[in-house]
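I opened this model to see how the fold is put together, and I kept short notes as I went. Here is what I looked at, with the structure alongside.

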Amino acid sequence: MTTRSLRVAPPLALLLLTLLGAPVATAASGAYVALGDSYSSGLGSTTYIASSGACKRSRQSYVFQLGRTLSSFRACAAATTSDILDHQLKPFPKDTKLVTVTIGGNDAGFADVVSSCLFGSASVCATRVDSASKFIRATLPGRLRHAYLAIRKHAPKATVVVAGYPRLLAGRPCSAAGKIDVASQRLLNTASDLLAKTIGTEVRRHLRFRFADVRAAFDGHGVCSSSPWINGLDGSIASVFHPNPAGYKAYARAIKVTLG
């Protein structure tokens with residue numbers, strides 16, 4: 001698909017439209033709207049769009065790596081499905097043909113899970129992972145369904161690509177994983193698998209929704225691997241267990257494959 005603009009705008013004007021999230025229509029593919037949480041906004045990158053503030057939107061995110069003309073960048077760090085419904089579903093461009101979203105990890109409390117495993121004991125980590133896993137099985141599907149139906153209502157003709165989450169760790173100890181031992185790493189990865197499977201199952205219930213499962217793409221590139229695409233404790237604490245720029249490129253490749 002091409003992404004030629006309907007009309008030529010001066011480069012500065014086009015940049016401002018993109019940064020401010022204003023619609024920029026495209027002739028062939030229609031408008032592109034990016035929703036979601038920190039994995040969509042680009043937290044973990046090296047630079048951020050100054051005007052995005054705490055949302056931590058980055059031009060290194062998969063949203064930009066896709067190479068599509070971006071109409072509205074609404075993803076925000078720490079977002080949950082409720083934030084999608086309450087803050088990110090303002091009116092869409094009428095010609096919206098593509099929506100991307102990564103959501104659900106914060107609903108399941110993965111930030112707290114990671115913190116518990118990084119700074120607590122192995123038993124504390126196991127208890128917190130078990131609690132999150134129960135939530136993912138029992139409650140998350142309904143929250144995802146509500147959000148997906150609302151997205152479809154706002155963008156009835158769009159293809160919606162839901163990008164999942166990767167396994168976070170390589171399964172061996174290293175300083176970048178702090179005190180998370182191998183057994184706890186396996187627990188975290190198992191929870192990541194459950195999250196990805198739960199999201200994928202719900203996605204398949206919705207017409208013109210597609211699931212970009214990124215787990216295979218990230219295999220061999222978790223924290224403690226020789227070539228990590230996920231930030232560990234050796235970087236900014238705010239970006240721990242979020243993709244680095246190479247990871248966001250991997251996300252973009254997986255989404256492009258999903259789109260065909």
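**Entry 1: ground rules and overview.** I take helices (H or I, at least four residues) and strands (E, at least two) as DSSP runs, numbered from the N terminus. I also keep in mind that this is a predicted model. Of its 260 residues, 55% count as buried. I then turned to contacts with a separation of 6 or more, and residues 24 or more positions apart account for 70% of them.

**Entry 2: two positive phi values.** I looked for residues other than glycine with positive phi, and noted A78 and F241. A78 has a phi of about 75 degrees, and I find this residue in the loop between β2 (72-73) and α4 (81-88). For F241, phi is near 65 degrees, and the residue sits in the loop between α9 (215-218) and α10 (245-259). Is A78 buried or exposed? At a relative accessible area of 55%, A78 is exposed, because the cut-off for that is over 50%. F241 has a relative accessible area of 3%, so I file F241 as buried, which means under 20%.

**Entry 3: the sheet.** In what order do the five strands lie? I read the order as β2-β1-β3-β4-β5, in an open sheet with parallel pairing. As a reminder to myself, strands in a sheet pair through backbone hydrogen bonds, in parallel or antiparallel fashion.

**Entry 4: around β3.** I followed β3 in both directions. Towards β1, I find six bridges, and the two strands run parallel. Y32 has L98 in β3 as its bridge partner. L98 in turn has a bridge partner in β4, namely T159. Strand β3 (residues 96-102) and strand β4 (residues 159-163) are joined by four bridges and also run parallel. V99 is opposite V160 in β4. How many of the seven residues of β3 are buried? Six are, and I note the strand as mostly covered.

**Entry 5: a helix across the sheet.** I checked helix α7 (residues 140-154) next. This helix lies across β1 (31-36), β3, β4 and β5. Relative to β4, α7 runs at about 150 degrees.

**Entry 6: α6 against α8.** For a packed pair of helices, the description rests on the angle between the axes and the distance between them. For helix α6 (residues 122-138) and helix α8 (residues 182-203), the axes come within 10 Å and cross at roughly 10 degrees. I therefore call α6 roughly parallel to α8. On the α6 side, I listed A122, C125, A126, V129, S133, I136 and R137. These meet S184, L187, L188, A191, L194, L195 and T198 in α8. Sorted by type, the residues of this contact come to 10 nonpolar, three polar and one charged.

**Entry 7: aromatic pairs.** Counting rings whose centres lie within 6.5 Å, I get eight aromatic pairs. One of them is F64 with F73, with ring centres 5.6 Å apart and planes at 75 degrees, so I log the pair as edge-to-face. Both partners are covered: F64 is buried with a relative accessible area of 18%, and F73 is buried with 5%. I also logged F218 with W229, where the centres are 5.8 Å apart and the planes are at 80 degrees, which means edge-to-face again. F218 lies in helix α9 and W229 in the loop between α9 and α10, so this pair ties together parts that are 11 residues apart in sequence. F218 is buried, with a relative accessible area of 3%, and W229 is buried as well, with 15%.

Note on methods
Residues numbered from 1 in each chain as written. Predicted model: local features only at pLDDT ≥ 70, side-chain atom pairs only at ≥ 80, totals over all residues. Heavy atoms only, no water. Buried < 20%, exposed > 50% of the residue type's maximum accessible area, 1.4 Å probe, protein only. Pairing = 2+ DSSP bridges. Contact = heavy atoms within 4.5 Å. Axes fitted to C-alpha atoms, helices over the stretch in contact; angles between N-to-C directions. Parallel < 35°, antiparallel > 145°, perpendicular 65-115°, else oblique. Nonpolar A, V, L, I, M, F, W, Y, C, P; charged D, E, K, R; others polar. Phe/Tyr/Trp six-rings, centres within 6.5 Å; stacked < 30°, edge-to-face > 60°.
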